[in-house]
Amino acid sequence: MTPFGEAVHRLRRQKGVSQKQMAAAIGVSPAYLSALEHGKRGAPSFEFLQRVAGYFNVIWDDADELFGIAAISDPKVVLDTSGLSSAHTAFANRLAGRIRTLSGETIRILEDVLEKARFPDKEL
């Protein structure tokens, strides 16, 4: 499951609607919605995100968060390291080879490292 799939599933459960009901209301097939929730489809289009936000009456700030979650939810990630150092390429390949074996704790540690690199002056 992707982060976006989890978010949609949670919103559906909170509203008490089935995939079939939601799919009909936003104009997609139940199969597409199921595949999206289970991480078998890539990141959804902006138009689809707008329909989901409208369907759930998501307020603007929460919609921005939902759109951000969708942006990091493509289950088939490609890392282009062309033009980067050999260390970058090696790291990307090592991560790809080990991603399935990383524990939740290791993922949290790596997320902290990425966050620190993004905002070096911010205390975590």
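**Reading the helices and their faces**

Guide: Helix H5 (residues 60–71) has 12 residues, and from its first C-alpha to its last it reaches 17 Å, close to the 16 Å expected at 1.5 Å a residue. This is a predicted model, in which local features need pLDDT of at least 70 and side-chain atom pairs count only at pLDDT 80 or more, while totals for chains, interfaces and linings use all residues. Residues are numbered from 1 along each chain as its sequence is written, and side-chain values use heavy atoms, with hydrogens and water left out.

Visitor: What makes a stretch a helix, and what is its expected span?

Guide: Helices (H or I, at least four residues) and strands (E, at least two) are DSSP runs, numbered from the N terminus. The expected span of a helix is 1.5 Å times one less than its number of residues.

Visitor: Which residues of H5 are called buried?

Guide: Buried means under 20% relative accessible area, exposed means over 50%, and partly exposed lies in between (1.4 Å probe, protein chains only). In H5, the buried residues are Ala63, Leu66, Phe67, Ile69 and Ala70. They cover an arc of only 155° around the axis, which puts them on the same side of H5. The arc is that of the directions from the helix axis to the C-beta atoms. On the face turned away from that buried side, H5 carries the exposed residues Asp61, Glu65 and Ala71.

Visitor: Why can residues separated in sequence point the same way?

Guide: An α-helix has 3.6 residues a turn, so residues three or four places apart point the same way.

Visitor: Against which helices do the buried residues of H5 pack?

Guide: They pack against helix H1 (3–15) and helix H4 (46–55), where contact means heavy atoms within 4.5 Å.

Visitor: How do you know that the buried residues of H1 line one face?

Guide: In H1, Phe4, Gly5, Ala7, Val8 and Arg12 are buried. Seen down the axis of H1, these residues fall within an arc of 160°, so they line one face of the helix. Arg13 and Gln14 are exposed on the face turned away. The cover of the buried residues of H1 includes H2, H3, H4 and H5.

Visitor: Which residues of H4 are buried, and what covers them?

Guide: Phe48, Leu49, Val52, Ala53 and Tyr55 are buried in H4. Their arc, seen down the axis of H4, is 165°, so they line one face of the helix. Phe46 and Glu47 are exposed on the other side of H4. The cover of the buried residues includes H1, helix H2 (19–26), H3 and H5.

Visitor: Why is the pair of Tyr32 and Phe48 called edge-to-face?

Guide: The structure holds four aromatic pairs. Rings of Phe, Tyr and Trp (its six-membered ring) pair if their centres lie within 6.5 Å; planes under 30 degrees apart count as stacked, over 60 as edge-to-face and the rest as tilted. The rings of Tyr32 and Phe48 have centres 5.6 Å apart and planes at 80°, so the pair is edge-to-face. Tyr32 lies in helix H3 (residues 30–37) and Phe48 in H4, so the pair ties together parts that are 16 residues apart in sequence. Both Tyr32 and Phe48 are buried. For Phe46 and Phe67, the centres are 5.3 Å apart and the planes at 75°, so this pair is also edge-to-face. Ring pairs also link Phe4, Tyr32 and Phe48 into a cluster.

Visitor: Why is Asn57 counted as exposed, and what is its phi?

Guide: Asn57 is found in the loop between H4 and H5. Its relative accessibility is 64%, and Asn57 therefore counts as exposed. Its phi is near 50°, a positive value in a residue other than glycine. Most residues other than glycine have a negative phi.

Visitor: What makes the chain more spread out than a compact globule?

Guide: The secondary structure of the chain comes to seven helices and zero strands. Its radius of gyration is 17 Å, well over the 14 Å that the globule rule gives for 124 residues, so the chain is more spread out than a compact globule. This radius is taken over C-alpha atoms, and the globule rule is 2.2 Å times the number of residues to the power 0.38. Along its principal axes, the C-alpha trace spans about 50 × 30 × 30 Å.
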